[in-house]
Amino acid sequence: MLRIRAPGGVECVSLDDPRALWIDLESPTDEEERAVEAALEVDVLTAAERAALEESARFYQENGALYLTATLLGRRDEGPFKSGAVTFILTKGKLVTVRTIRPRAFDVGQGRASARVGSATTGAEVMMALLDGGVERLADILSEATQELTKLSTEIFAEKDTDLRGALRSLGRVGGLVSMTHECLSSLQRLAVYARHAGKDFGFDNARLGVFARDTEELERVAEALQTRLSYYQDAALGFISSTQNDVLRTLAIATMAFMPPTLIASIFGMNFQQMTWFDAAWGPWVGMALMVLAPLALFAVAKWRRWF
C-alpha cells in the first residue's frame, strides 16, 4: 500500500505533487516500489535487505540518500505483538518509509505521535516524530509488563499452594514481549548514534537526537532489569513446581514402602510347591500376617533413621 502525505498529514494524490513530504510503503507491490524508485531516484530495500542485522546493511548513504533501518513493534490487533524492520530513506528533503508491520506511530490522526507528524515540515522531522512515537509505545509496553510482573509475583509467592502452570505461561508471554522490546530499543539506539554522526546534511537536530538516544538508553536498562526479574520469577515458579513434585514423589515412596513388602510376602505364601510344607501348618497364616506387618515397620524405621523423609 502506498500513502503520500504533505505537511500536516494531508494526503496527496501523486508522487509528482510538490507538497509530497512523506511517502509510506506498507507491504508494497513491485509496481509501487518501481514508481517510488523512479520518482525519487532511490533504491527501495527488499524484505530480505531490511531484515539484515549488520551495521553496514542497516545504516548507510547512497546516491545522496540516507538509509536507516530500525526494528519496531507492530500493532496488536486481537493477537500477539509482532516486530519487524522499518526502513527510513531521507532524500531531497522527503522521507520514504518501507515496512510490513503497522506501528501505532504510523497511524496519522491518532495519538501524540500523530500531532508531531502533523507539525513536521521536513522529512527528518517526520522521521523523528515517528521514532518518538515508537519509543513512547515501547515505554508503554514496558510499563504494562512491569505491572503484570508485579501481579505475577504475588501469585507465585502466595502463601497458599496454587497451580503455577498458568503463571509460567504468562511469564513466557511477558518475557517474549520484553525481549522484542529490548531488541527494538537496541536497534533504535544504534540508529540514533549513526544519525548524529552522519545525518547533519539531512536536516536532523542533534540536540533532539541526543535526547532520543538518552531515552532509548534508559528504556533499554529498564528492559534489561525486567529480563532479570523475569528470570528470577521463572526460577522461583519452577522451584515451587519441583517442590510440589517432590512432595508427590515422597508420598508415593511412602506408599511403596507400606505395600511392597506385604505384596512380596503374600506372593511367597501363595506359591504352591509341595516342598513348602510349613505353609500347611496351622500357624502358617499367622506367621505370614506378622511378616506383612513387621516388614514395612522395619523399612519405616530404617528410613526414619537415615532421614529419608
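These notebook entries record what I looked up in the structure.

**Basis**

I worked on a predicted model, in which local features need pLDDT of at least 70, side-chain atom pairs count only at pLDDT 80 or more, and totals for chains, interfaces and linings use all residues. Residues are numbered from 1 along each chain as its sequence is written, and side-chain values use heavy atoms, with hydrogens and water left out.

**Entry: S170**

I located S170 in helix α6 (residues 165–198); helices (H or I, at least four residues) and strands (E, at least two) are DSSP runs, numbered from the N terminus. S170 has a relative accessible area of 18% and is therefore buried. Here buried means under 20% relative accessible area, exposed over 50%, and partly exposed in between (1.4 Å probe, protein chains only). Leaving aside residues up to four places away in sequence, I found that S170 touches E148 and L152, a contact being heavy atoms within 4.5 Å.

**Entry: aromatic pairs**

I searched the whole structure and found 8 aromatic pairs. Rings of Phe, Tyr and Trp (its six-membered ring) pair if their centres lie within 6.5 Å; planes under 30 degrees apart count as stacked, over 60 as edge-to-face and the rest as tilted.

One of the pairs is F88 with F106, which is tilted, at 6.5 Å centre to centre and 35° between the planes. F88 lies in strand β5 (residues 83–91) and F106 in the loop between β6 (94–99) and α4 (111–119), so this pair ties together parts that are 18 residues apart in sequence. I noted F88 as buried, with a relative accessible area of 0%, and F106 as buried at 5%.

I then turned to F157 and F240, whose ring centres are 6.0 Å apart and whose planes stand at 80°, so the pair is edge-to-face. F157 lies in the loop between α5 (123–156) and α6, and F240 in helix α7, so the pair ties together parts that are 83 residues apart in sequence. F157 is partly exposed, with a relative accessible area of 37%, and F240 is partly exposed at 37%. I also recorded that F157, Y232, Y233 and F240 form one aromatic cluster.

**Entry: salt bridges**

I found 11 salt bridges in the structure, each being a side-chain nitrogen of Lys or Arg within 4 Å of a carboxyl oxygen of Asp or Glu.

In the bridge between R99 and E26, the closest N and O atoms are 3.6 Å apart. This pair links distant parts of the chain, with R99 in strand β6 and E26 in strand β2 (residues 22–26), 73 residues apart. Both R99 and E26 are buried.

E41 forms a salt bridge with K92, with the closest N and O atoms 3.7 Å apart. E41 lies in the loop between α1 (30–40) and α2 (47–50) and K92 in the loop between β5 and β6, so the pair ties together parts that are 51 residues apart in sequence. Both E41 and K92 are exposed.

For E218 and R221, I noted a salt bridge with the closest N and O atoms 2.4 Å apart. These two residues are 3 residues apart in helix α7 and therefore separated by about one helical turn. E218 is partly exposed, with a relative accessible area of 40%, and R221 is partly exposed, with 44%. I recorded, finally, that salt bridges with shared partners join R3, D24, E26 and R99 into one network.
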